[in-house]
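Please read the following points beside the sequence and the coordinates.

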Amino acid sequence: MSKETVKTRPKCVECGAELELYELDYEKDRRIMQCPKCGLYHFYRKNFFGRWKLVKVGRVSDLWRK
Ligand SMILES: [Zn+2]
């Protein structure tokens, strides 16, 4: 595996709980993480340097499906 498994997990922008991985898409270099507490989805995209960057937050998990 790569450096993606970081020790400090990202936190929810609303309640501050540690996010859990909901979906990971290697082909498109993006992932969705969900807050176990309030259920908010956090959408990440890999940037030029190979780091995950939060691009948006939403209540539905299929914002990227279209
Ligand atoms: Zn939350």
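How are the donor residues of the zinc ion spaced in sequence? The spacing is C-x2-C-x19-C-x2-C, where donors are N, O and S atoms within 2.8 Å of the metal (3.2 Å for Na, K and Ca), and sites may look incomplete as water is not among the atoms.

1. This is a predicted model, in which local features need pLDDT of at least 70 and side-chain atom pairs count only at pLDDT 80 or more, while totals for chains, interfaces and linings use all residues. Residues are numbered from 1 along each chain as its sequence is written, and side-chain values use heavy atoms, with hydrogens and water left out.

2. The zinc ion has as its protein donors the SG atoms of Cys12, Cys15, Cys35 and Cys38, lying 2.3 Å from the ion. Cys15 and Cys35 link distant parts of the chain, 20 residues apart: Cys15 belongs to the segment before strand E1 (20–25), and Cys35 to the loop between strand E2 (30–34) and strand E3 (41–46). The site is tetrahedral, with angles of 98 to 124 degrees among its four donor atoms; four donors count as tetrahedral if all angles lie between 85 and 135 degrees.

3. Cys12 is buried at a relative accessible area of 6%, and Cys35 is buried at 2%, whereas Cys15 is partly exposed at 31%. Here buried means under 20% relative accessible area, exposed over 50%, and partly exposed in between (1.4 Å probe, protein chains only).

4. A search of the whole structure for disulfides, defined as pairs of cysteine sulfur atoms within 2.5 Å, finds zero.

5. The chain contains four strands and zero helices, both taken as DSSP runs numbered from the N terminus (helices H or I, at least four residues; strands E, at least two). Of its 66 residues, 30% count as buried.

6. Leaving aside residues up to four places away in sequence, Leu19 touches residues including Cys12, Met33, Cys35 and Tyr44, a contact being heavy atoms within 4.5 Å.

Technical notes: Tetrahedral: all angles 85-135°; square planar, octahedral: opposite > 155°, others 65-115°.
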